[in-house]
Amino acid sequence: MQWTASWDETQKMVPREMAAGPASAMTDPPAIPASEPPAASTEQSAQRELLIELMKRYQDADASAADELFRQVNPVLARYYYSLVNQPGQVEDLLQECWLRVHRARQSYRPGEPVLPWIVAIARHTRVDHFRRWQRSSGRESSIDALTRHPSTDPRKALDSRQRADAVRKAMETLPEGQREVLIMLKVTGMTAAEVARATGSTAAAVKQKAFRAYQAIRQALKMRMEPEENRDDLQGS
Amino acid sequence: MTCREVDQLLSEGRPAAELQRLPGVPPHLETCVRCRRILEWMLTPSPEPEMRASLAERVQAITHTDLKKVKPLPPLGVAALGAVAVTALVAALHVLTLGVDGWTRLSATQAGLMGGLALAVLLSAAASLLSSIRPGSAQGLPPGLPLALLVMGFPMLAAVLFPFEEWSRVLEHGIECLAAGLMVAAMTTGLTWLAARRGYSVDWSRSGALIGAVGGAAAIFALQVSCPAHEAGHLIVWHGLAAVIAIGGGYLAGRRMNS
């Protein structure tokens, strides 16, 4: 069955604590009520606490904490920028600029608050400024091509997965900027809707609404792109 | 489980891997190609571009060269007290120069409501300003609240509390009041701006307008204390104009900083 294959494939990609295995997941799902807000896993909570601690030490002029913060957060920022700007050279410029701003603005972080929304808000602002300058110099921001580039080593699987992801990627290109950005933040940075709201200076309800509309638009776009037999199969699902 | 419910769960930021294991989701995914594709996309790791090792060195050079202990921005209560203190200081200077003729002629209701409005604008502007210069902070009050209180609340309150007289009287002493109000607003705005520069604003136009609102609140309060012309038209036109100019000036200065 197609989904079982995809399941196997995708379970390899999920974090270890999530990947309990397809069989157990299919037959014995944990009873998490659907209406409950997403709770951070132990690892996620520990990661958040670590960042808060590092940030506090960074404000106290601890150089090793600054280095560790960079090591922990830079990959997230790199993925975020790469999802929006498809050129590694530009990503590197953005990262350097962003870290410079983080350093200069470190007193604006309030101890005890989540760190990632604070840094992502600065990263987002850095990108907006960069985009303005780039627009002035007649540049044009590329789309999120790289977002779905797949690291699989099996070429056949990679192609299938790439093609499937391509459909979503193309659908995403049609979304308004605000919706697209919210989806990318949710996917790439792993923040919750409430944290994305902090990073974008919005409310959690507005973020959820944007994401919900974005998913609905993607779904609609996929419906138009999909093969007739897939649509037939889908009739039972929705 | 329906597609709509899947979208709702994803919109909350619930990880796709966790979502797949919720009761009711796997059977839905068996039959819904579109949900499957969206979840597959969510589960596909985002690529991380290869960065040169020199990036870490460059960032290290930035952070290590100028690494000093910094004091975090104050909590909301302290920031609000600071805004009130700055306003009180500037208003005191204004009153020392122009006297308290206006305040002594106010009724208790007028004094309470006009003073209360100025305080409400001041506190809400301080809260919104602090939020706007601290990236990633939760949105509490709507940032437009202090501006709305000042631009709409003040004229409405003045119209209710004070009588309207002939238009010829509205123009009397208007320019003096406007000039004095702008002086108070400029001083308060300048001091608030200096304090706000410690933060990091992602939108200086908004922060500038809020700083202007602090100045505007100081202006209407100081003028209410010193100005003996208790006429609604005068208050709305001249005192209100000082506040509007303070907000507009702050907005334009912030916009300039943005670009």
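Helices (H or I, at least four residues) and strands (E, at least two) are taken here as DSSP runs, numbered from the N terminus. The model above is predicted, with local features requiring pLDDT of at least 70 and side-chain atom pairs counted only at pLDDT 80 or more, while totals for chains, interfaces and linings use all residues. Residues are numbered from 1 along each chain as its sequence is written, chains are lettered from A in the order in which they are written, and side-chain values use heavy atoms, with hydrogens and water left out.

Let's start with chain A as a whole. Chain A has 11 helices and zero strands. Of its 238 residues, 49% count as buried; buried means under 20% relative accessible area, exposed over 50%, and partly exposed in between, with a 1.4 Å probe and protein chains only. Contact means heavy atoms within 4.5 Å, and among contacts in chain A between residues at least 6 apart in sequence, 62% join residues at least 24 apart. The chain exposes about 11100 Å², and carbon and sulfur atoms supply 51% of that area. Accessible areas come from the Shrake-Rupley method with a 1.4 Å probe, and for residues only the protein chains shown count as cover.

Now follow chain A to helix 8, residues 177-189. This helix has 13 residues and reaches 17 Å from its first C-alpha to its last, close to the 18 Å expected at 1.5 Å a residue; the expected span is 1.5 Å times one less than the number of residues. Because 11 of the 13 residues of helix 8 of chain A are buried, the helix is largely enclosed by the rest of the structure. Among the buried ones are the charged residues A:Arg180, A:Glu181 and A:Lys187. Just after the helix, A:Gly190 takes a positive phi of about 75 degrees.

Next, move over to helix 5 of chain B, residues 53-65. It also has 13 residues, and it reaches 19 Å from first C-alpha to last, close to the expected 18 Å. Its buried residues are B:Leu55, B:Val59 and B:Thr63. What covers the buried residues includes helix 3 (42-59), helix 4 (63-84) and helix 5 (88-104) of chain A. Leaving aside neighbours within four places in sequence, A:Ala66 is in contact with A:Tyr58 and B:Thr63.

What about charged pairs? Side chains of opposite charge can pair when their charged atoms come close. The structure holds 12 salt bridges over all chains, a salt bridge being a side-chain nitrogen of Lys or Arg within 4 Å of a carboxyl oxygen of Asp or Glu. One of them joins B:Arg58 and A:Glu92 at 2.7 Å, N to O. This pair crosses between chains, from helix 5 of chain B to helix 5 of chain A. B:Arg58 is partly exposed at 27%, whereas A:Glu92 is buried at 4%.

Within chain A, A:Glu195 and A:Arg48 meet in a salt bridge of 2.9 Å, N to O. A:Glu195 lies in helix 9 (residues 193-200) and A:Arg48 in helix 3, so the pair ties together parts that are 147 residues apart in sequence. The side chains of A:Arg101 and A:Glu97 form another salt bridge, at 2.9 Å, N to O. Being four residues apart in helix 5 of chain A, these two are separated by about one helical turn. Salt bridges that share partners join A:Glu97, A:Arg101 and A:Asp129 into one network.

Finally, look at the surface of chain B. A nonpolar patch there is formed by B:Leu89, B:Leu93, B:Leu96, B:Met183, B:Met187, B:Leu191 and B:Leu194, with about 720 Å² of accessible area together. Such patches are made of residues with over 30% relative accessible area and no salt bridge: like charges are joined within 9 Å, and nonpolar side chains (Val, Leu, Ile, Met, Phe, Trp, Tyr) within 5 Å. Helix 6 (76-98) and helix 11 (174-196) of chain B each give two or more residues, and the largest share, four residues, comes from helix 11. B:Leu89, from helix 6, is exposed with a relative accessible area of 52%.
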